[in-house]
Amino acid sequence: MITSTFLKSSSRTLGATLLASGLLLASAAEAQISTPQASPKSTVQQRVGLTDVTITYSRPSLKGRTAFGGLVPFSKRWRTGANATTAIKFSDDVTVEGKKIPAGEYGIYTIPNKTEWIVVLNKSTKMGANVDGFKDDEDVARFTIKPYKLASKVETFTINFADITPATASVDMQWELTGAKFKITSDVDAKVMAQIEEKVTKNASPSANDLAAAAVYYYDSNKDAKQALEWLQKANATDPKFWNVHTEAKLRMKLKDYKGTVTAAEQSRKLALDAKNADYVKMNDDLILEAKKAGKL
C-alpha cells in the first residue's frame with residue numbers, strides 16, 4: 001500500500017525536477033549563438049611624446065568588393081570603419097595637422113575622394129551608421145589630406161601608427177590599394193623642459209639618472225651641446241653606463257672634440273663588452289673610426 005507520505009515526497013521531487021527542467025529550457029532559449037563579427041572590433045594605442053593616443057574601430061573586409069568608390073562612396077561622409085563610430089582618444093592636448101585639439105575622445109569621420117580626403121574630428125562618438133546625424137558645430141577639427149597608393153593590397157581595413165618620432169606620429173588608414181594619414185604632434189618640449197628645470201637646473205643635487213636624461217634629451221633635440229656634455233660628464237663620473245658614455249662620445253663628436261670622442265667611445269666599448277652588448281660595441285667601433293678619420297688621429 002502506497003502511503004500518503006510517499007505520494008507527497010514523490011510529488012515534491014517531480015515538481016522540483018519539472019521546475020529545474022523549465023529553468024534550463026528557459027536559459028537555453030535565452031542564450032544567443034555567438035559567431036565571429038564580419039567587421040571585428042580593434043584597438044590600437046601609441047604613446048606620442050608623453051601623450052597616449054588610443055583608436056577604437058571596427059574592421060570591414062573587401063570580400064571581392066571595391067573599397068573606395070564602392071563600399072565607401074566618394075564624396076560621402078564615412079564613419080572610417082564599420083559598426084560603431086571610430087573613436088580617437090588623447091590623454092593630453094595635442095596638435096593634429098596644425099589644429100589644436102583638447103584632451104578627450106572624438107569621432108573620426110572622413111570624406112574620401114580620389115585626390116583628397118577630408119577628415120573631421122567631432123565630439124560625437126555614438127552616431128554609428130548615422131554619419132549625417134551629428135552637428136557640425138560639434139566639430140573640433142576639419143582638415144584635408146592626400147591619399148597615397150599602397151604597394152600591396154590590404155584586404156581588411158587597417159589603422160596603424162606610422163612615422164613615429166619623439167614628438168610626433170601619423171595615423172595611417174589603409175584599405176585595398178589606398179592609404180591616407182594625418183599627423184599628430186604632442187607638446188613634448190615644454191613638458192620635458194619644465195622637468196629639467198625642476199630636477200636639474202634648480203636642483204642643487206640632481207641625480208645621475210636625471211642628469212643623463214636631461215643631457216640625452218638635449219642631444220636628441222639638438223639643444224645646447226656644451227650644457228648637455230657638462231651634465232653627462234657629471235652623471236658618468238658617478239654612475240657610468242655604457243649607453244650614457246656612448247652619448248657623451250657623440251656629444252664630443254658634435255663639438256669636434258675628436259680625441260675626447262675616442263676616449264669616451266673606448267670607455268663605452270669596454271663597458272659594453274663587459275655587459276655583452278654587441279650592438280653598442282659595434283656602434284662605438286664605428287664612432288671611433290669616424291672620429292679618428294675626422295680628426296686625422
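A salt bridge is taken here as a side-chain nitrogen of Lys or Arg within 4 Å of a carboxyl oxygen of Asp or Glu. The points below concern a predicted model, and they begin with the charged pairs to which that criterion applies.

1. The side chains of R77 and D136 meet in a salt bridge, with a distance of 3.6 Å from N to O, a value that falls within the 4 Å of the criterion. This pair links distant parts of the chain, since R77 sits in the loop between strand 2 (51-58) and strand 3 (87-90), whereas D136 sits in the loop between strand 7 (117-122) and strand 8 (139-145), and the two are 59 residues apart. D136 counts as partly exposed because its relative accessibility is 48%, and the range for that class lies between 20% and 50%.

2. The structure holds 14 salt bridges, and another of these joins the side chains of D52 and R47 at 3.0 Å, again from N to O. Both partners fall in the intermediate class of accessibility: D52 counts as partly exposed at 27% relative accessibility, and R47 likewise counts as partly exposed, at 45%.

3. A further salt bridge is formed by D274 with K270, whose closest N and O atoms are 3.4 Å apart. These residues belong to helix 6 (residues 258-274), and because they are 4 residues apart in that helix, they are separated by about one helical turn.

4. E248, R252 and D257 are linked in a network of salt bridges.

5. Among contacts between residues at least 6 apart in sequence, 55% join residues at least 24 apart.

6. Helix 5 has 13 residues and reaches 18 Å from its first C-alpha to its last, which is close to the 18 Å expected at 1.5 Å a residue. Helix 5 is followed by K256, whose phi is positive, near 65°.

7. Helix 3 (residues 208-220) likewise has 13 residues and spans 18 Å between its first and last C-alpha, close to the 18 Å expected at 1.5 Å a residue. Its buried residues are A208, L211, A212, A214, A215, Y217 and Y218, and these pack against helix 2 (188-201), helix 4 (225-238) and helix 5 (242-254). Just after helix 3, N222 takes a positive phi of about 60°.

8. Two other backbone positions deserve a check by eye. N83, although it is not a glycine, has a positive phi of about 60°; it is found in the loop between strand 2 and strand 3, and it counts as partly exposed because its relative accessible area is 38%. E176 is also not a glycine and has a positive phi of about 55°, but this residue lies in strand 10 (residues 168-186). E176 counts as buried because its relative accessibility is 18%, the limit for that class being under 20%.

9. The largest pocket has a volume of about 240 Å³. Of the 16 residues that line this pocket, the closest to its centre are L71, V72, W78, G81 and W175. By residue type, the lining of the largest pocket divides into 8 nonpolar, 3 polar and 5 charged residues.

Definitions and conventions:
Residues numbered from 1 in each chain as written. Predicted model: local features only at pLDDT ≥ 70, side-chain atom pairs only at ≥ 80, totals over all residues. Heavy atoms only, no water. Buried < 20%, exposed > 50% of the residue type's maximum accessible area, 1.4 Å probe, protein only. 1 Å grid on protein atoms, 1.4 Å probe; cavity = no way out; pocket = protein on both sides within 12 Å on 5 of 7 lines; lining within 4 Å. Points joined across faces, edges and corners; volume = space filled by probe spheres on them. Nonpolar A, V, L, I, M, F, W, Y, C, P; charged D, E, K, R; others polar. Expected span 1.5 Å × (residues − 1). Contact = heavy atoms within 4.5 Å.
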